[in-house]
Amino acid sequence: MKLNLHASGRIDEKVGTFRRDPQFMSKLSERAKPYLHVVMAEIERRGLPGELALLPHIESRYNPAATSPVAAAGMWQFMPYTGREMGLRQDAWQDERRDVMASTRAAMDYLQQLQRRLGGSWELAMAAYNCGPARVESAQAANRARGLPTDFWSLNLPAETRNYVPQILAAARLVAEPTQNGVHLPPVPSTPQLEVVRTDRPVNLARVAQASGIGLAQLQTLNAGLKRGQTSPMGPGHLVVPVGTATRVTAALPQSRIVAPMRFTAAAEPAEPPPTVKPETTIATVYMVKGGDTLASVARAQKVDLNDLAAANAMQLREPLLPGQSLRIPGAAGAAVGGDMTAANLVTHRVRRGDSLPAIARRYHVSVDDLIRWNPVAANDLHHGGTIRIYRRGPSFASL
């Protein structure tokens, strides 16, 4: 904890309110338990105040599936526009506002932006997270014109925001000073509670649950960002699973591997030759299943081998299809992925020592947002020897 948890009587009031609920700390610990290590790892990596880890409790009660009446979503309650501005993918298949790791990264980015914009105050940054930076700056300007202080505690802000920051700091005070406040602090493991499995093929949560023995409801909660209960058929995807279960999942899924949560860069490693550019010759398109379709009938209609079709979708040859289900059709020239995402314009960049998203984006003349959109997991997993998919607009990459 780095902030003043005794700065105002408004914090004292919220502490009193929380203490009147004897189960407050137990409920907070239970809700935060699966995700707290992810959040704290990112906070510690950046050297930020630990109080920020209590923000998701006030926002959503640490619920990745939460949706507000005004369309804010996820544990960090990003609005659609702000989420897109912070690089969170939102499309027909995925809403990364509900992805614990992606949204945590984005929330820390956003809070740091707000803190810099508002003169280095974390209290003002948290207030702006709630009501918007323009509203905070307007309140500061009004106080400045009247010769009044411009710190958070002196501003005339919306009632929700005036309560929001004291709630976060009051919860932090109970965590930091449980004995002084007469509360029991339930233990929360200081080790990861989640594992991440990266998949190169589309994956259905129901089939993963059946094959691994993990409860479907738990998988759906941990992967709340998957809008259709499966990863996108148009590229690599990832699944979040309880710690200790990733090995079972990878054993059941072809072309999958375990990746470390919140791993952004490799540690110092030996230098290697410059990255190679490896054009790919084909890319899959997507077929939406209709009533009466079978794998065999789709394979015949799409003129692909039945075994290749089953393998591309991690299915058994006689596995039934459901209307509306999507199938990845191997070997078709990218009609379904659209625009610049075609085989002729696809290269694979192998990550080397010192690589970063901005550096890779500059090398290939694309944006960081594009890299994140094309590589929703790899962008958070720049490990030595890993690969990043890049689609270049216009002619092929032959000249690079």
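Which residue in E2 is the bridge partner of leucine 194? In E2, that partner is proline 242.

## Basis of the model

This is a predicted model: local features need pLDDT of at least 70, side-chain atom pairs count only at pLDDT 80 or more, and totals for chains, interfaces and linings use all residues. Residues are numbered from 1 along each chain as its sequence is written, and side-chain values use heavy atoms, leaving out hydrogens and water.

Strand E1 covers residues 194–199. Strands (E, at least two residues) and helices (H or I, at least four) are DSSP runs, numbered from the N terminus. Strands pair if DSSP finds at least two bridges between them. E1 pairs with E2 (residues 237–242) in the antiparallel sense, over 6 bridges. E1 also pairs with E3 (residues 256–259), again antiparallel, over 4 bridges. There, valine 196 has valine 259 as its bridge partner.

In E1, 6 of 6 residues are buried (under 20% relative accessible area, 1.4 Å probe, protein chains only). Leu194, Val196 and Arg198 lie on one side. Glu195, Val197 and Thr199 lie on the other.

## Glutamate 59

Glutamate 59 sits in helix H4 (residues 55–60). Its side chain makes a polar contact with the side chain of tyrosine 164, at 2.6 Å. Such a contact is a pair of N or O atoms within 3.5 Å; within protein, one must be able to donate a hydrogen and the other to accept it, and residues adjacent in sequence count only if both atoms are side-chain atoms.

Definitions and conventions
Buried means under 20% relative accessible area, exposed over 50%, partly exposed in between (1.4 Å probe, protein chains only).
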